[in-house]
Amino acid sequence: MPIRTASEYIQSLRGRNMKVYLFGELVKEPVDHPMIRPSINAVAETYDLAEKESEVATAKSSITGLQVNRFLHIAESADDLVNQNKMQRKLGQLTGTCFQRCVGMDALNSLYSVTFEIDEKFKTDYHKRLVEFIKMIQKENFVIGGAMTDPKGDRSKAPHEQEDPDVFLRVVEKNDKGIFVTGAKAHQTGCINSHWIIVMPTMRLQEKDKDYAIVGAMPADAPGISYIYGRQSCDTRSMEEGDIDSGNSKFAGQEALMIFDRVFIPWDKVFMFGEYEFAAMLVERFTCYHRRSYVCKTGLGDVLIGAAAAIADYNGVPNVSHIKDKLIEMTHLNETIYASGIASSFQAHKTKSGVWINDDMLANVTKHNVTRFPYEIGRLAQDIAGGLVVTLPSEKDLRNPITGPILKKYLKGRKGVDVEDRFRILRLIENMTLGRNAVGYLTESMHGAGSPQAQRINIARQMQLGYKKKLAKNLANVKENSESEPEQSDYFQRVFKMRK
């Protein structure tokens, strides 16, 4: 039976016999581990939203004819892409963390067009295989994890030049049934909480890198896969008694290092095999989708702005001018991220395959804003919260019969505010700006989908300075007999394309 509800999703993760290492030990059942469970809850919320607000979190698929989870939908219009962003912001508001499904969604959509164009050139049948895979996952309502980032080793060397060839995932054997891959994928968001993993190349490849030009899907519990769980700041607080000190006791993100030791992928789940010429296209299209997916951070920003406003109220200063001005600035920065992401989706175009892809220039602008603005929003939240955000005593001290009354006496804020409520909001701000969910709000905002320089390179490619210089010279009445400069981008063609 297909998965329908959050509880059915959680149940579907049990008994998979996965090799998950945490604190140097093999985890018996990840679903029941107190440090892992909050990340599972965050994914479960994507099922819950689909049940409660189907218009937001589901879409009608022309592939299966079913109403499917929007994370599994292939975008059939610009509106589909805009609605993805709206869903992402909503889930950010509901969880205050990374809900871990955007990579899989963006991988499916980018592969839909890339496999179509590989087939067009090489007469392969990757696109047909992918469509059959999509039919299966839409019918079963599975979670798809995307695995793109290799450890990379020596960054100055190509994959085939590395001292250890396994620092990039590669094909080590093939037979009439399929292929075997060995290597690793780093920083893998939600991988343990996924049902299927899609592996993809991480960079432009050369002919000598053909063994690394591999895209394929495998169950997350396939033989040969092991996971080493990533640490997060303050993560062990989720293993302590009580629910205050964790800041957000229900939801968290997840990252792990995935190790592949001769993992088998059958031919019907292989969607690229040696077509190194298309690795760059796949990476560029994936990052185009994924960089505007960082609109999700505006949902987290909404939560943090709310927490800052709440603590200002608890402190008795909600109407002080500089506090109000800081909340305005936080909102301005948050909405700027949202505006560029929605604009990227709205200014989408249709590819040869029929899938729609968002605007690349504005996607890079979105992600570049995300590498900066959440840090400033976080700084302002800490400014408003005050020093207690990092010096607050523990929940056990609050519950202690000796120290509790003392804390309630001296850490009281405005009259009528429960001291425990003040504790909770301060811990939430700590959680999002310094603690466990700062991973998803800050550092992931910096490095996820490419670090800042990657966006600047893409923005530079599309600046169309020749065109802009002509505009300036025309208005300045500069008479210059210069040859026109070639442009690398058709950005302004998209800007001025009239919508019908």
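In helix H10 of this predicted model, the buried residues are Met361, Leu362, Ala363, Asn364, Thr366, Lys367, His368, Asn369 and Val370. That makes nine of the eleven residues in H10 (residues 360-370), so the helix is mostly covered, given that buried stands for under 20% relative accessible area. Have a look at the start of H10 as well: there, a side-chain oxygen of aspartate 359 comes to within 3.1 Å of the backbone nitrogen of methionine 361.

Another helix worth a visit is H4, which spans residues 78-95 and holds asparagine 85. Is asparagine 85 buried or exposed? With a relative accessible area of 0%, asparagine 85 is buried, because that value falls under the 20% cut-off. Which side chain makes a polar contact of 2.7 Å with the side chain of asparagine 85? The partner is serine 345. If neighbours within four places in sequence are set aside, asparagine 85 is in contact with Arg292, Ser293, Val295, Gly341, Ile342 and Ser345.

Now for the sheet. Six strands form an open sheet with mixed pairing, in the order E2-E1-E10-E11-E7-E6. Its edges are taken by strand E2 (25-26) and strand E6 (170-174); each has a single partner strand, so one side of each is left without a neighbour in the sheet. Inside that order, strand E7 (residues 178-189) and strand E11 (residues 255-266) run antiparallel to each other and are paired over nine bridges.

| Cavity | Volume | Lining by class |
|---|---|---|
| Largest cavity | about 50 Å³ | eight nonpolar, one polar, two charged residues |
| Second largest cavity | about 40 Å³ | one nonpolar, three polar, four charged residues |

To find the largest cavity, select its lining: Asp150, Phe168, Leu169, Lys185, Met200, Pro201, Thr202, Met203, Leu205, Tyr212 and Ile214. The second largest cavity is lined by Cys234, Arg237, Asp245, Ser246, Glu430, Asn431, Gly435 and Arg436. Its lining includes four charged residues, while the lining of the largest cavity has eight nonpolar ones.

Key:
Residues are numbered from 1 along each chain as its sequence is written. This is a predicted model: local features need pLDDT of at least 70, side-chain atom pairs count only at pLDDT 80 or more; totals for chains, interfaces and linings use all residues. Side-chain values use heavy atoms; hydrogens and water are left out. Helices (H or I, at least four residues) and strands (E, at least two) are DSSP runs, numbered from the N terminus. Buried means under 20% relative accessible area, exposed over 50%, partly exposed in between (1.4 Å probe, protein chains only). A polar contact is a pair of N or O atoms within 3.5 Å; within protein, one must be able to donate a hydrogen and the other to accept it, and residues adjacent in sequence count only if both atoms are side-chain atoms. Contact means heavy atoms within 4.5 Å. On a 1 Å grid over the protein atoms alone, a cavity is a set of points where a 1.4 Å probe fits but cannot get out, and a pocket is an open set with protein on both sides within 12 Å along at least five of seven lines; lining residues have an atom within 4 Å of a point. Grid points are joined across faces, edges and corners, and a volume is the space filled by probe spheres set on the points. Ala, Val, Leu, Ile, Met, Phe, Trp, Tyr, Cys and Pro count as nonpolar, Asp, Glu, Lys and Arg as charged, and the others, Gly among them, as polar. Two strands pair if DSSP finds at least two bridges between them.
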